[in-house]
Amino acid sequence: MLKHLNLRVDDYGAFYRHVFEQSVHYWGRTFAEGSRWPTAQHSRIYWYVVGKMDEWDLNDPKAEARLRARFEMNPRLRDAYVEDVSRRLSDVPMERKVEEAWNLCFGETREWYDNKRRALERKKRFYHGVQSATDFVEIRQEGHWKVDLLHHTVNEKGLDTSLAVDMVALQETYDIALLISGDADGIPGINYVKSRSKHVGVAEFRKGSPADFPAKGTSSRLKIAADFVVQVYESELLRRNLAYRAEPDYQSSLGSSDPSY
């Protein structure tokens, strides 16, 4: 949730304490006209992250053959690579161009996949450091990267399902859950625990300061489903030294944020 603000956090203990304090304030204002709740207790943070990805041994000739078959069955992809090769090898036969096109595609695919594997290992080291240095944080490596090798894309699978399952399974251990996620897939879990008399808040991270938002903006489905919305502002995080501007290579190396509650 911090990526779109281009912010980096080093002390997640202090960061989550701020979010918790803001949550108590917003919850109290919503349900008790701003009354203070000094007895509110922060139980635990569950941070759901990608822990694995599709495994491919690209040194295995059988794996390459499977990918080659997919390449041949995808005219748009194949023709794009053939066109690229044709600009450099205009005088060679088409059969040679197709072969060179596949070699180019496979080489780029191998490099892309290796980079993704290294990125996942960096993420794991980062999350291990967060959990080791921060109280009440439990990293749950429930997510999975489903890779499309030839198109060089990944899709996260399993994060929101695991979060929703735990919201239900752990409902006897909390009265109020705060969801830090922008994904509407969490709505069924929210509705279920609300039907069991639990309160659910959603954290919304905003650019600027409260003065930049004089009117209430359009609500997302997730915010509508929640009982209350905690608005955490960029200006407050910077003013309290809870976050600072991230370097571009830091954000690109970590990738997208993961949902937690």
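**Exercise 1.** Identify which residues touch the most other members in the largest nonpolar core.

*Solution.* In this predicted model, the largest nonpolar core has 40 residues, of which Trp-56, Leu-67, Phe-71, Leu-149 and Met-167 touch the most other members; such a core is a set of buried Ala, Val, Leu, Ile, Met, Phe, Trp, Tyr and Cys residues joined through side-chain atoms within 4.5 Å, where buried means under 20% relative accessible area with a 1.4 Å probe, protein chains only. Helix α4 (residues 94-133), a DSSP run of H or I of at least four residues, gives the most to this core, with eight residues. Apart from this core lies another, of 29 residues, including Phe-15 and Ile-180.

Local features need pLDDT of at least 70, side-chain atom pairs count only at pLDDT 80 or more, and totals for chains, interfaces and linings use all residues. Residues are numbered from 1 along each chain as its sequence is written, and side-chain values use heavy atoms, leaving out hydrogens and water.

**Exercise 2.** Determine which residues of α6 are buried, and where they lie around the helix axis.

*Solution.* First, the buried residues of α6 are Ile-187, Gly-189, Ile-190 and Val-193. Next, viewed down the axis of α6, these residues fall within an arc of 160°, taken from the directions from the helix axis to the C-beta atoms, so they line one face of the helix. Finally, the buried residues of α6 pack against α5, β5 (176-179), β6 (199-206) and α7 (221-225), with contact meaning heavy atoms within 4.5 Å and strands being DSSP runs of E of at least two residues.

Key:
Buried < 20%, exposed > 50% of the residue type's maximum accessible area, 1.4 Å probe, protein only.
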